[in-house]
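Look at the sequence and structure first.

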Amino acid sequence: MLSLLDALVLGLVEGCTEFLPISSTGHLILAADLLGAHGEKAKVFEIVIQTGAMFAVAWEYRRRLLGADRRLWSNLAIAFLPAAVAGAILGAAIKAQLFKAVPVAAALVAGGIVILWVEGRGKRRPRIEDIGQMRWSDALKVGLAQTVALVPGVSRAGATIIGGMLLGFSRRAATEFSFLLAVPTLLAAAAWDLWQSRALLSAHDLPAFTVGFAAAFVSAFACVRWLIRWVGTHDLRPFAWYRIAFGAVVLATAHFGWVDWTP
């Protein structure tokens, strides 16, 4: 069982990283290694805190979602499908082979380099300033970009935001669509994983699950609001440099044996 302190730390890690382009899954894998939070029950806990983060963005965008027209819902459904199909086919293999510190760190560095490349292309007039201008083909392409985030360390937010920018979205429009796409993506993933792990659920875990859920909700809510303001006047390069530096530190500590990362 997780201690309440560990639950709080992991909940904050999830909430602070889920919607930033720095990979929440990657950070959770690394944090869990450092805290020794492993095993099937720890995986169930991760599902719970991801759900907390999802509810935060759903609450922030509740008016947009409840008032959404058929076109937006259709685009969200189209964008959701590629990752759902790819996850069903490749999810187990990816979790078995890549949910480890070194592959995560390598993906963090690679993703940071991609962000620097995209942001370094210079200013271009966006084709899509508002997500209401999206076509179904734009949604499909963003959905295909999201499949890359099945690799831990890539970042679902990073893949969809950068994918949207490459397709001609403004940085703000790409970020907002990434947030909205998180709702069906995380909800479906959580429902599927909880169903598969239902035998592991226990009332004894409720205090830790509650603390983690609440920490993820509050921190994710704050980060969503902050990032929308940030992208209005800044680019994503600071996140890229953070990814590269953090990934390099993990790779160095693994190579020299300074940290005993779980194999």
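Q: How many disulfides does the count come to?
A: This is a predicted model, where local features need pLDDT of at least 70, side-chain atom pairs count only at pLDDT 80 or more, and totals for chains, interfaces and linings use all residues. Residues are numbered from 1 along each chain as its sequence is written, and side-chain values use heavy atoms, with hydrogens and water left out. A disulfide here is a pair of cysteine sulfur atoms within 2.5 Å. By this rule the count is zero.

Q: Is Cys 223 buried or exposed?
A: Buried means under 20% relative accessible area, exposed means over 50%, and partly exposed lies in between (1.4 Å probe, protein chains only). Cys 16, at 34%, is partly exposed. Cys 223 has 14% relative accessibility, so the class is buried.

Q: At what angle do the axes of H1 and H10 cross?
A: Helices are DSSP runs (H or I, at least four residues), numbered from the N terminus. Axes are lines fitted to C-alpha atoms over the stretch in contact, and angles run from 0 to 180 degrees between N-to-C directions. H1 (residues 4-17) and H10 (residues 206-231) have axes that come within 7 Å. They cross at roughly 30°.

Q: Why are H1 and H10 described as they are in relative direction?
A: Angles under 35 degrees count as roughly parallel, over 145 as roughly antiparallel, 65 to 115 as roughly perpendicular and the rest as oblique. The crossing is at roughly 30°. H1 and H10 are therefore roughly parallel.

Q: Which residues of H10 does H1 meet?
A: Contact means heavy atoms within 4.5 Å. From H1 come Leu 4, Ala 7, Leu 8, Gly 11, Leu 12, Glu 14, Gly 15 and Cys 16. In H10 they meet Pro 207, Ala 208, Val 211, Gly 212, Ala 215, Ala 216, Ser 219, Ala 220 and Cys 223.

Q: Where is Ser 155 found?
A: Ser 155 is not a glycine, yet has a positive phi of about 95°. Ser 155 is buried, at 3% relative accessible area. Its place is the loop between helix H7 (136-147) and helix H8 (156-166).

Notes
Helices (H or I, at least four residues) and strands (E, at least two) are DSSP runs, numbered from the N terminus.
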